[in-house]
Amino acid sequence: MIYKQFKDKKLSLLGMGNMRLPTKEVDGAKVIDWEKGREIIDYAYNNGINYFDTAFRYHGGESELFVGDALSKYPRDTWYIASKFPGHMMKFEGHKLGFKGYLSNFHCDTPADVFNEQLEKCKVDHFDFYLLHNLCESAYDFYTNEELGVVEYFKKMRDEGKITHLGFSSHGRADTIDKFLTKYEGVFEFVQIQLNYLDAKLQDAMSKYKVIWEKHGIPVIVMEPVRGGRLINLPQKSAEQLKAVAPDATAASWAFRYFQNLPGVQVVLSGMTTMEQIVENVDIFSKENPLSDIELKTLDEIVNDMLKLVPCTGCRYCTEECPMGLDIPKLIAIYNEVKNDGDMLSFNMDVNKDEENPARCIGCGACSSICPQSIDIPSIMSEFADILAKK
Ligand code: SF4
Ligand code: SF4
């Protein structure tokens, strides 16, 4: 395992994300498959991964419970746990704190209510890493509200030893991240952003990396390194281009080795669902092997083709909001394939199923307002429905 120094800690370059753990159905509900999940965590730990990332509502709140429990059998000073404060899903109105959107059924009076519950769920007395979740344009005023004092509260928690390192994650623009880091200079020690060789251009993520690492000198933690699997299941033409340069290399190895070319990347979080994935990923991160100039040029070429695709990561936040129960990420994945490869006859799609019929979209926009990628989902559903109608 490759390790990189972070202050007094050596962090594994590959970190374990816990938002895509294996699941199973119990009484019609999708829950974490604890047995399979434990196998993955055990393999991760025993093969040198020491950074485990979770958040308040990953897997409907079950991720924190699972990760804390799965790690608790190992000595506390041999692993690091990171969780996040869900401010991006909160509001502060009329001097009152509350949740919004798909979390509106939850209640809290102060940030401490949420934080203490998280410590308890994770079975820890401190978080090694703690983040404000998704500092972005729509959450900026919330996080900087002085009466509420979110940043001040978590600085206090760090002073009291309940947080060792404080950071934030962001799907926001580079200038928003810059403004926040400048306002709170010296407060945040790391920033987590969505970065991969496609988003470097598609979401202007390289500008964010430069602001965080080159301007502010703060290490970057990467999320979505394979774009929710999109960079594993590449369009045929792109996959062939990579094979022509390196016949034995997997798509995952291209995506992960990319980060070895970026000195500011501290940890690459991968949300691993199967044993096969973690075994392959641990192997990729077992040795230093940055991309060559020719390999970087090849990635640049395939990115230019892929820029036409809708940038869905499959996070499924939108599906919790859709009143029509549409399987939006599945429909977008098929839409991307249709747009990219033209033919859709081979796709596993059944418009007779309510959740797979984009024509059922009523254009309410509830999905787009929650989508971290700011995708105009109603327009895509409408266009996809038109394409289907003409088939
Ligand atoms: S706009 Fe369409 S896809 Fe989005 S939440 Fe409304 S019905 Fe669902
Ligand atoms: S459309 Fe947006 S919210 Fe829905 S799964 Fe894709 S990235 Fe996530």
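Predicted model: local features only at pLDDT ≥ 70, side-chain atom pairs only at ≥ 80, totals over all residues.

By class, the shell around ligand 1 holds 10 nonpolar, two polar and no charged residues, where Ala, Val, Leu, Ile, Met, Phe, Trp, Tyr, Cys and Pro count as nonpolar, Asp, Glu, Lys and Arg as charged, and the others, Gly among them, as polar. The residues surrounding ligand 1, meaning those with a heavy atom within 4 Å of it, include Cys322, Cys361, Cys364 and Cys367, together with Pro323, Met324, Leu326, Ile328, Ile362, Gly363, Gly365 and Pro378.

Residues are numbered from 1 along each chain as its sequence is written, chains are lettered from A and ligands numbered from 1 in the order in which they are written, and side-chain values use heavy atoms, with hydrogens and water left out.

Turning to ligand 2, we find 13 residues around it, the closest being Cys312, Cys315, Arg316, Cys318 and Cys371; by class, that shell has nine nonpolar, three polar and one charged residues.

Now to helix H1, residues 34-46, where helices (H or I, at least four residues) and strands (E, at least two) are DSSP runs numbered from the N terminus. Gly37, Ile40, Ile41, Asp42, Ala44 and Tyr45 of H1 are buried, that is, under 20% relative accessible area with a 1.4 Å probe and protein chains only. The buried residues of H1 pack against strands E3 (14-17) and E6 (51-53) and against helices H2 (62-71) and H11 (275-284), with contact meaning heavy atoms within 4.5 Å. After H1 comes Gly48, which has a positive phi near 100°.

What does Gln203 touch, if we leave out residues up to four places away in sequence? The partners are Gln194, Lys208, Arg227 and Gln373, and Gln203 itself, in the loop between helix H7 (199-202) and helix H8 (205-215), is buried, because its relative accessible area is 17%.

Finally, the domain assignment, which is an automatic or database one, gives domain 1 (3-306) and domain 2 (318-390). Their contact takes 10 residues from domain 1 and nine from domain 2, and the two centres, taken over C-alpha atoms, are separated by 27 Å.

Technical notes:
Buried < 20%, exposed > 50% of the residue type's maximum accessible area, 1.4 Å probe, protein only. Expected span 1.5 Å × (residues − 1).
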